[in-house]
Amino acid sequence: MFDCTPATRIFVALDPVDLRSSFNGLSAWVQQRLAEDPLSGHLYVFTNRQRNRLKILVWDGSGLWCCAKRLERGRFLWPQGEGLHTVLRAEELSALLNGLEVRERRGWYRR
């Protein structure tokens, strides 16, 4: 899906975000709330209040991608924590996208 090198960071917003926002709204959120550059090549992951949709914002070197996923049933098992965001590893993002739980202790398993 995305080329995640060891230098790529994956930022996950812990609080719900208005997903009606697309490129501009999510880029502004990254700049204003995280003080990060959305054109850095890092991944920024957002969910809605019901946790049944998510969007990923990423710069691939030539343009900004805004990818979306909607679950037909159930909810994403969103990571918990303090602050505005948490950082995941690539395998933890894969677990999150595939319905596995991501724990703060960095462990994950099928629920």
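User: Why does Val12 count as buried?

Analyst: Buried means a relative accessible area under 20%, exposed means over 50%, and partly exposed lies in between (1.4 Å probe, protein chains only). Val12 has 0% relative accessibility, so Val12 counts as buried. This is a predicted model, in which local features need pLDDT of at least 70 and side-chain atom pairs count only at pLDDT 80 or more, while totals for chains, interfaces and linings use all residues. Residues are numbered from 1 along each chain as its sequence is written, and side-chain values use heavy atoms, with hydrogens and water left out.

User: Where is Val12, and which residues does Val12 touch?

Analyst: Val12 is found in strand 1; strands (E, at least two residues) and helices (H or I, at least four) are DSSP runs numbered from the N terminus. Contact means heavy atoms within 4.5 Å. Leaving out residues up to four places away in sequence, Val12 touches Val45, Trp78, Pro79, Leu84, His85, Thr86 and Leu88. The C-alpha atoms of Val12 and Leu88 are 7.2 Å apart, although 76 residues separate the two in sequence.

User: How many helices and strands does the protein chain have, and in what order do they run?

Analyst: The protein chain has two helices and seven strands, which run β-α-β-β-β-β-α-β-β from the N terminus on. Of its 111 residues, 36% count as buried.

User: How do you know that the span of helix 1 agrees with its number of residues?

Analyst: The expected span is 1.5 Å times one less than the number of residues. For the twelve residues of helix 1 (residues 23–34) that should be 16 Å, and the end C-alpha atoms are 16 Å apart, so the two agree.

User: Which residues of helix 1 are buried, and what makes them line one face?

Analyst: The buried residues of helix 1 are Leu26, Ser27, Trp29, Val30 and Leu34. Seen down the axis, they fall within an arc of 155°, so they line one face of helix 1; the arc is that of the directions from the helix axis to the C-beta atoms. An α-helix has 3.6 residues a turn, so residues three or four places apart point the same way. Asn24 and Gln32, on the other side of helix 1, are exposed. The cover over the buried residues of helix 1 includes strand 1 (10–13), strand 2 (43–47), strand 3 (53–59), strand 4 (64–70) and strand 5 (85–88).

User: How many aromatic pairs does the structure have, and why is that of Trp29 and Phe46 called edge-to-face?

Analyst: There are three aromatic pairs in the whole structure. Rings of Phe, Tyr and Trp (its six-membered ring) pair if their centres lie within 6.5 Å; planes under 30 degrees apart are stacked, over 60 edge-to-face, and the rest tilted. The ring centres of Trp29 and Phe46 are 5.3 Å apart and the planes stand at 90°, so this pair is edge-to-face. Trp29 is in helix 1 and Phe46 in strand 2, 17 residues apart, so the pair links distant parts of the chain. Phe76 and Trp78 form another edge-to-face pair, at 6.4 Å centre to centre and 70° between the planes.

User: What makes Thr47 buried, and which residue's backbone oxygen lies 2.8 Å from its side chain?

Analyst: Thr47, in strand 2, has a relative accessible area of 0%, so Thr47 is buried. A polar atom of its side chain lies 2.8 Å from the backbone oxygen of Arg53.

Methods
A polar contact is a pair of N or O atoms within 3.5 Å; within protein, one must be able to donate a hydrogen and the other to accept it, and residues adjacent in sequence count only if both atoms are side-chain atoms.
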